[in-house]
Amino acid sequence: MTILRTTNLTKSFGSFTALNGINIEVNKGEVYGFIGPNGAGKSTTIRLLLGILKATSGEATIFGRDVWKDAVDIHKRLAYVPGDVNLWPNLTGGEVIDLFVKLRGTANKSRREELIERFDLDPSKKCRTYSKGNRQKVAIISAFSSDADLYILDEPTSGLDPLMELVFQECVMEAKQAGKSVLLSSHILSEVERLCDKVGIIREGRLIETGTLAELRHLTRTSLRVETRLPVPALREMKGVHDLEEDGLGLSFQVDSEELEPVMAVLSAQGIVKLESAPPTLEDLFMRHYEGTGQASQAGSGGVR
Amino acid sequence: MLTSLSHRTGQLVRFIIRRDRVRIPVWLLGIAALTFIVAQAFTGLYATAQERQTMAETMLNPAMTAMVGKGYGLDNYTFGAMMAHQMLLMTAVAVGIMSIMLVARHTRADEEEGRMELIRSLPVGRLSSLHATVVVGFGTNIVLALLVGIGLSALGIASMDLEGSLLYGAAFGAAGMFFTSVTAIAAQLSANARGTIGLSITVLLLAYLVRAVGDVTGSGLSWLSPLGWVASAEVYVNNYWWPVALTAAVAIGLAAVAYVLHAKRDLDAGFLPAKPGRTRASKFLLSPLGLGLRLQRTGLVAWAIGMLVLGASYGSVLGDLDAFMADNEMLKEVLTPVEGYSLIEQFIPFLMIIIAIICTVPALMAIMKLRVEEKKNRTEHLFSRAASRIRVIGGYVVIAFTAGWAMLSLAALGLGLAAAGVMEEPIPLGTFYQAAMAYLPALWVMIGLAVFLIGFLPSVTGLVWAYLGFSFIVVYLGGLLQFPAWLSNLSPFAHASGLPVEEMAYGKFFLLLVIAVGLAVLGILGDRNRDIRG
């Protein structure tokens with residue numbers, strides 16, 4: 001069952017096209033990872049989905065209803081966590097949570113207490129005294145203490161410490177197990193890898209890659225570090241080998257996932273002494289999409305590999 | 001030890017001046033210009049000694065004493081005496097506010113935002129930033145003192161000599177220094193910028209009130225107030241320097257107290273304990289309307305009290321006007337009253353139009369709060385939940401319309417009650433109230449316009465302030481400057497009936513009402529159809 005669907009969703013601000021024909025589909029019980037660099041259009045997409053911005057063209061529906069016209073009804077079953085939570089400095093965290101939960105309509109009191117405990121938040125403090133992480137917690141607690149069917153999370157863990165990030169991931173998993181759907185926009189690729197069933201990569205207002213993680217892995221590379229008894233000059237010429245570096249007998253390089261087999265055959269013929277491999281990560285895929293444009297090629301050839 | 005505590009203060013002083021290179025000159029020039037303009041205006045308004053003497057007599061009442069301070073030199077009310085009596089205290093309050101804002105901004109506000117932490121991580125002394133702020137605060141006030149002193153004497157007005165003028169400026173400087181130090185202490189006591197400003201303003205208001213009570217009762221109470229001290233310098237009459245010197249000396253002593261407190265405390269800590277807030281929201285808060293009210297509660301209550309006081313202070317003058325005109329045979333002959341109306345009654349519509357325009361300010365602020373919230377991305381929290389556009393803007397519209405009515409009612413109430421207290425033949429309260437309500441539709445038109453702009457042209461909603469300013473100028477000064485009628489007619493306030501002198505024009509009254517409501521409804525509908533952008 002499709003919970004959220006956008007068809008050729010486009011948004012222009014004056015002459016600037018922020019989003020260009022975005023197609024997203026999120027099904028029931030699915031966690032959809034929405035990744036992309038800053039300014040790619042993630043937040044704009046989400047604000048369109050929330051009926052805060054009006055689409056220039058294209059269609060977006062949630063629960064089969066139009067996100068602009070039926071915003072209020074949709075929001076009764078939807079929970080949202082923004083990436084940058086601005087709160088009212090003179091209200092306490094507890095007051096804000098109550099307000100948010102009440103505005104949605106479906107309150108779950110015991111859940112509120114439990115989440116405040118799990119996220120270790122002091123609800124009696126004024127919001128002005130909260131750090132970024134604590135403001136983020138207020139939004140997350142209000143989102144998960146209401147019984148929503150769709151969670152829209154826009155970089156929800158920015159500012160959270162690693163422990164709290166784990167608690168957040170548990171919350172998402174629990175929601176998924178309860179059959180809820182999640183749209184998770186994130187920078188933290190390990191988080192997306194751990195949580196998401198499907199991933200969409202957005203760049204400069206266009207969705208450049210979508211699919212399940214398994215599908216996308218075909219596009220990824222495996223990092224290898226080997227030491228062989230005899231040198232392997234042929235490796236440099238082989239198809240699918242990238243960023244080859246030599247130090248003595250040690251070699252480190254990357255292989256396209258589909259070219260792994262012939263490469264391994266050549267290596268083992270020269271006698272493998274030592275082999276380390278790092279699994280293909282979303283990060284590699286992500287970085288590779290940057291490299292193509294030159295914009296982020298420096299980051300691509302940087303320390304990560 | 002001392003040098004290490006205040007290491008690199010000089011650099012921080014330059015940094016503060018760099019950050020405030022527009023703000024400080026604007027304050028200084030504003031206060032100086034106000035002083036010069038009023039001094040110049042006095043010479044035009046009260047050209048003869050007799051006119052000044054008449055003015056002196058109207059000053060001889062408790063309401064004026066409470067407001068501007070005890071009169072002195074009234075038997076020979078020169079321009080200098082007039083200026084020092086009527087302007088010094090009020091302007092000193094403005095200087096106090098300037099100093100409070102300046103110091104709070106560079107102490108607790110910086111600390112709260114985490115900027116102080118960055119500074120402190122550099123090789124600077126623990127006291128350097130506070131010291132630099134106090135140095136800039138004192139320096140700004142000393143510059144102000146010289147600017148005002150030299151400027152006033154340069155105007156070359158008779159009776160405003162160099163010594164008196166320098167003392168006049170010094171009185172500002174000393175008052176400013178005092179509140180610089182008060183704020184420096186408040187910044188150590190309170191753990192946030194809001195509390196720091198609140199505490200300092202409270203001290204300022206208390207200083208004003210204590211002096212008012214002291215001056216009216218003639219008890220020594222005024223000696224407890226720094227504003228009482230600077231006023232007792234009796235500038236241009238007796239030129240006592242010592243009270244001003246005393247104020248400056250106490251200011252330096254208080255700064256030392258602030259230093260001691262600052263050295264003792266941790267960064268981000270305050271000496272006043274922060275009490276825990278509610279962990280649960282009250283039922284009242286749980287709606288867009290409730291939230292809107294809660295966010296503006298303090299501001300609206302403060303404005304409401306302000307409007308009551310504004311009305312009351314006008315009302316207390318009405319009594320004097322009444323007595324003044326009853327005693328003055330000459331005036332009676334010169335001013336032929338409109339048939340059947342006393343001079344006071346003729347004065348009411350003029351007062352009401354000013355009161356109505358001032359009352360528009362809090363009402364407009366109430367509706368503009370929606371834009372403030374939107375710019376800070378906080379309406380997003382409501383719209384991303386099950387709150388519709390209509391419900392959110394509707395809440396603010398209700399608050400703004402109600403606030404406009406309440407402010408106007410309170411001002412009329414204050415006016416009527418105070419007038420009843422001081423007049424020999426009181427005008428009934430109902431007359432004042434009706435006169436005020438005649439302006440309510442015009443006030444609402446301003447709000448309606450703001451709602452309309454929010455709905456259709458959200459980026460230029462600020463224009464409504466310009467329109468209010470325009471209204472004030474054409475209505476208030478239009479007669480004086482002889483603007484053409486069509487120009488004044490562009491303001492909604494020009495179309496309200498001037499009760500009780502004019503007949504109530506119900507046609508115009510309802511037309512304005514319809515325009516106000518119509519604009520608001522259009523704006524609300526337009527708001528449904530626009531992007532929310534922070």
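Contact, as the word is used on this tour, means heavy atoms within 4.5 Å. Before selecting anything, note that this is a predicted model, in which local features need pLDDT of at least 70 and side-chain atom pairs count only at pLDDT 80 or more, while totals for chains, interfaces and linings use all residues. Residues are numbered from 1 along each chain as its sequence is written, chains are lettered from A in the order in which they are written, and side-chain values use heavy atoms, with hydrogens and water left out.

**First stop: helix 2 of chain B**

Select residues 9-19 of chain B, which form helix 2; helices (H or I, at least four residues) and strands (E, at least two) are DSSP runs, numbered from the N terminus. Within this helix, Thr9(B), Leu12(B), Val13(B) and Ile16(B) are buried, where buried means under 20% relative accessible area, exposed over 50%, and partly exposed in between, with a 1.4 Å probe and protein chains only. An α-helix has 3.6 residues a turn, so residues three or four places apart point the same way.

**Second stop: where chain A meets chain B**

Show both chains and select the contact, which takes 38 residues from chain A and 38 residues from chain B. The two chains bury about 3500 Å² between them, 54% of it on carbon and sulfur atoms, buried area being the accessible area (1.4 Å probe) that two parts lose on being put together, summed over both. On the chain A side, pick out Ile52(A), Trp88(A) and Leu103(A), which lose the most area to chain B, together 19% of what that side buries.

Next, display the side chains of Asp98(A) and Arg280(B), which meet in a salt bridge (3.2 Å, N to O); the count between the two chains is six salt bridges, each a side-chain nitrogen of Lys or Arg within 4 Å of a carboxyl oxygen of Asp or Glu.

**Last stop: Gly478(B)**

Finally, select helix 21 (residues 463-481) of chain B and find Gly478(B) in it. At 5% relative accessibility, Gly478(B) counts as buried. Leaving aside its neighbours within four places in sequence, Gly478(B) is in contact with Ile473(B) and Phe483(B).
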